[in-house]
Amino acid sequence: MRKMMEGVVVKLPSFPLLNPTIPPLSSSSLPLRLGFRRFSASLSAVKEGSVSLGHLSRPDFPILHQEVNGSKLVYLDNAATSQKPTAVLKALHNYYEAYNSNVHRGIHYLSAKATDEYELARKKVAAFINASDSSEIVFTRNATEAINLVAYSWGLLNLKPGDEIVLTIAEHHSAIVPWQIVAQKTGAVLKFVSLDENEIPNVVKLREMISTRTELVVVHHVSNVLGSVLPIEEIVHWVHEVGAKVLVDACQSVPHMVVDVQGLDADFLVASSHKMCGPTGIGFLFGKSNLLSAMPPFLGGGEMISDVFLDHSTYAEPPSRFEAGTPAIGEAIGLGAAIDYLSGIGMQKIHDYEMELANYLYDKLCSVPNIRIYGPKPAETVYRAALCSFNVENIHPTDLATFLDQQHGVAIRSGHHCAQPLHRYLGVNASARASLHFYNTEEDVDDFIRALNDTVSFFNSFK
Ligand SMILES: Cc1ncc(COP(=O)(O)O)c(C=O)c1O
């Protein structure tokens, strides 16, 4: 497929066009606009002179400085995974080059060094989310595994027929499917709260749904589709009033803002390293120590035992109890380096800058003809995350994303973003999503909007 010149279409795209399955947009399908405060970050907090945090940090991310499909790469798929700064790449390289060894079991120098660094990474995670002790951090493969750990260990032990698990329809599949499986095994019941008129999960309904039958509430902190933010502290308070527990899916908040598990009083909280500038293959579960101590193992094997006999075993204390087998050592160390990097900038600074970008992205997207952006308007909420899921009337989001990539080097995501129930509720089976991180700039957004307008014109020229 050749490039388009001066807006003139020279050749049809080489990819098949998908049937538009998107309902036409009407003003009645748009969310009601209610008067929340529009948050505006202090520019001085996020800019050094006239240079934005995005411009300042971009040199740290080698991958961003390349061309794809003949265009400058504009990476706007950060909700799926973030890019890694040189400091993280170096930490991984250094581990494998200088002290690769297995942890906990060896007494030799390399093993001791690897163990120290691995445990230091755990301390860094604990400090980053303000856990009271590093033993409250369990390393897992990713957030999905962390949720499964809670489901299979805490859930199978504590849930019985008729117990209720309350979730929102906006949860990621990772936070729904494990609980469906556990509910089938235990007879517990899943209850879902839908969205309010601002396309935010309805917290009023959520509160009403919490009762003495509730055993667990599973909620995201920031939605990976709507960009909305839930008031976790309040939700936790309501849930604790009935003696139930809260699991917070913080995959989209921990990489972008200050998250304080003690302040939130969350019982469990999960996140993935790869979304927070760290390597893939590592994530973590935070669990309050009294809860983790009372939980049985999730997986059996080496590292998680105290003593093994032929007919039974006794188990190590948390977090080892939940880390069977050789862990992702280099990846944990890489995550520690990512945390150092993020902390070096400051999560508040990242958050403030991303808020500016979030508003900028939203405002610019609104100018695209026949666009429908999902989730709350930035003006309606204290904070809308720097991501937008959207559809353009009669153009399939995968066609949009493919054209943006092939013609303009712009990387966005299309599909259901692992949130099929939410998409069904919104009346579509897919959406396009542009998601930003602190190394993005207003120029990235401008490039994206220019490319999107061009893409929309291209598809509309066939109608
Ligand atoms: C809100 C949310 N929860 C959970 C996950 C699952 O993360 P992972 O695939 O790293 O386990 C994601 C990833 O997209 C997410 O955005």
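Let's start with contacts, meaning C-beta atoms, placed from the backbone, within 7 Å. Of the protein's contacts with a separation of 6 or more, 73% join residues 24 or more positions apart. Bear in mind that this is a predicted model: local features need pLDDT of at least 70, side-chain atom pairs count only at pLDDT 80 or more, and totals for chains, interfaces and linings use all residues. Residues are numbered from 1 along each chain as its sequence is written.

Next, the overall make-up. The protein has 15 helices and 19 strands. Those are DSSP runs, numbered from the N terminus: helices are H or I, at least four residues, and strands are E, at least two. There are 463 residues, and 48% of them are buried. Buried means that 20 or more other C-beta atoms, placed from the backbone, lie within 10 Å of the residue's own.

Now the core. The largest nonpolar core has 127 residues. Such a core is a set of buried Ala, Val, Leu, Ile, Met, Phe, Trp, Tyr and Cys residues joined through C-beta atoms within 7 Å. Val217, Val248 and Leu361 touch the most other members. Helix H11, residues 329–345, gives the largest share, 9 residues. Where does this core lie? Domain 1 (27–76 + 347–460) and domain 2 (87–343) both contribute residues, so the core lies between them. The domain bounds come from an automatic or database domain assignment.

Take Val248. Leaving out residues up to four places away in sequence, Val248 touches Val219, His221, Ile232, Leu264, Ala266, Phe268 and Leu269.

On to strand S12, residues 283–287. All 5 of the 5 residues are buried, so S12 is largely enclosed by the rest of the structure. Gly283, Leu285 and Gly287 point one way, and Phe284 and Phe286 the other. In a regular strand the side chains alternate between the two faces of the sheet.

Which strands pair with S12? Pairing takes at least two DSSP bridges. Strand S6 (137–140) runs antiparallel to S12, with 4 bridges. Thr140 partners Gly283 there. Strand S11 (268–272) is also antiparallel to S12, with 5 bridges. Here Ala271 partners Phe284.

Methods:
Buried ≥ 20, exposed ≤ 12 C-beta atoms within 10 Å, placed from the backbone. Contact = placed C-beta atoms within 7 Å.
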